[in-house]
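This report covers helix geometry, sheet layout and core packing in one model. Please view the structure alongside the text.

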Amino acid sequence: NNTPVLTEEKELFIDNGGEMNFLIEGDNLASLKLLEKTHRGSIDLIYIDPPYNTGIKDFIYDDDYVDKEDGFKHSKWVSFMTKRLEIARKLLTEEGVIFIQISDIELAQLRLLCDSTFGEDNFLNIISVNMKNIAGASGGGEDKKFKKNCEYILIYAKNSQNDCFNLLDIEGKDAAKFKNPDNDPRGPWVSSDFTAQGWRPNQMYEITTPSGIKMLPPEGRCWRHLESVYKELLAEGRLWFGADGCGVPRKKTYLNEREGKGTWTWWTNTEVRHTQEATQEVAAILGKAVFDYPKPVRLLQRIFKLAASPNSIILDSFAGSGTTAHAVLNMNKADGGHRKFILVEMMDYADSITAERVKRVIRGYGEGKNAVEGTGGNFSFYDLGEPLLVGDCLNEAVAPEKIREYIWFMETKQPYAP
């Protein structure tokens with residue numbers, strides 16, 4: 001009966017056709033309870049970057065900031081997160097996953113809490129992310145001898161028995177490792193050792209290089225494959241004997257035959273960028289640096305490539321500067337996908353920073369040589385308003401038009417269009 005009514009801000013509405021992305025401004029827990037009614041079992045991926053509980057006015061509990069000297073600061077943080085994670089689990093599809101980014105302050109508590117909420121068997125991994133290109137702890141405080149420059153992302157599945165991850169694209173430095181010195185018509189390739197450790201009688205055959213040199217495996221090793229396989233690879237041009245044709249053979253693997261690559265659990269800032277670059281990203285869009293410690297777009301894009309599909313619904317209930325939306329819009333533009341984002345932000349910058357960033361990314365921003373083309377896409381902004389019911393009666397403070405909008409949204413998950 002306390003379900004609040006959503007009030008749409010018409011001036012922030014962007015409709016370019018297709019499914020609607022939206023941002024809810026209002027109490028975080030109340031928003032999640034509303035989404036539990038509309039999107040239970042529908043969210044494919046959740047990414048959250050909750051308060052780190054640094055004691056520097058980053059976390060409010062019972063209407064007051066929790067400071068460093070509070071003897072109950074950890075238990076308050078766990079209490080704050082518990083209800084939100086319980087709802088998050090209900091929102092996930094059976095194949096869904098949640099990524100939670102955190103610092104070392106609450107890492108231990110978060111791991112235990114998630115084990116309890118999602119189940120130990122559904123823990124998938126912890127990613128260590130190099131978030132700074134200079135020494136210093138994200139969220140403040142550093143030791144002169146141990147310089148902190150990483151944060152952590154805990155990953156849990158709704159059901160770990162399901163296949164939750166995709167291979168990442170081979171690009172950048174990884175793609176650059178593939179060369180084509182012999183102009184192979186199959187394109188760039190990398191080579192791997194054709195020998196193996198040990199002695200196997202049926203893998204000790206003699207081979208002849210293109211230059212006419214006869215050779216056996218190096219001492220203490222054998223050829224990696226049987227002679228019949230060697231002959232097939234040779235006939236197909238899949239062996240490399242060096243530019244002069246005199247070397248020990250190496251087996252070719254072609255770039256166009258690779259489906260992708262796995263990922264390590266250590267992500268460097270050369271791969272996913274860092275906080276300083278994320279600050280510059282926000283400044284380039286909004287005209288100045290207006291947000292502390294935003295997350296880089298490239299980090300969120302890697303997460304979504306790893307665990308989402310082109311049609312996924314992605315939720316960020318601690319939306320902050322709106323990086324999740326930016327990443328989703330970028331990816332949809334790049335590959336023609338139909339990913340949708342749902343954002344929740346309770347702070348007073350939800351319209352001036354979060355929503356404004358989304359609008360400018362959709363429509364384009366910057367001028368001259370710094371102009372960035374818009375991604376396109378749709379966007380709707382809602383305020384979390386009065387409860388629909390008071391007791392068993394309709395709340396007279398809620399206008400009939402708002403009731404119609406609420407019912408429409410609850411039934412269609414789309415903005416009301418009379």
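The expected span of a helix is 1.5 Å times one less than its number of residues. Helices (H or I, at least four residues) and strands (E, at least two) are DSSP runs, numbered from the N terminus. The model is predicted: local features need pLDDT of at least 70, side-chain atom pairs count only at pLDDT 80 or more, and totals for chains, interfaces and linings use all residues. Residues are numbered from 1 along each chain as its sequence is written, and side-chain values use heavy atoms, with hydrogens and water left out.

**Helix H7**

For the twelve residues of H7 (residues 275–286), 1.5 Å a residue predicts 16 Å, and the end C-alpha atoms are 16 Å apart, which agrees. Its buried residues (under 20% relative accessible area, 1.4 Å probe, protein chains only) are Thr-275, Glu-277, Ala-278, Glu-281, Val-282, Ile-285 and Leu-286. They lie on the same side of H7, because they cover an arc of only 165° around the axis, taken from the directions from the helix axis to the C-beta atoms. These buried residues pack against H8, H9 (323–335), H10 (350–363) and strand E19 (364–365), where contact means heavy atoms within 4.5 Å. Just after H7, Gly-287 has a positive phi of about 95°.

**Sheet**

An open sheet of ten strands runs in the order E1-E21-E2-E18-E17-E3-E6-E8-E7-E16, with mixed pairing. Two strands pair if DSSP finds at least two bridges between them. Strands E1 (4–8) and E16 (266–267) are the edges, each pairing on one side only. E2 (residues 22–25) and E21 (residues 380–387) are parallel over four bridges, and Leu-23 stands opposite Phe-381 in E21.

| Helix | Strands touched | Angle |
|---|---|---|
| H1 (residues 28–39) | E1, E2, E3, E17, E18, E21 | about 150° with E18 |
| H11 (residues 400–412) | E1, E2, E21 | about 100° with E1 |

**Cores**

A nonpolar core is a set of buried Ala, Val, Leu, Ile, Met, Phe, Trp, Tyr and Cys residues joined through side-chain atoms within 4.5 Å. The largest has 48 residues; Leu-45, Phe-99, Leu-299, Ile-303, Phe-304 and Phe-379 touch the most other members. Helix H8 (residues 297–307) gives the largest share, seven residues. A second, separate core of 46 residues includes Phe-59 and Leu-113.

Note on methods:
Buried means under 20% relative accessible area, exposed over 50%, partly exposed in between (1.4 Å probe, protein chains only). Axes are lines fitted to C-alpha atoms, for helices over the stretch in contact, and angles run from 0 to 180 degrees between N-to-C directions.
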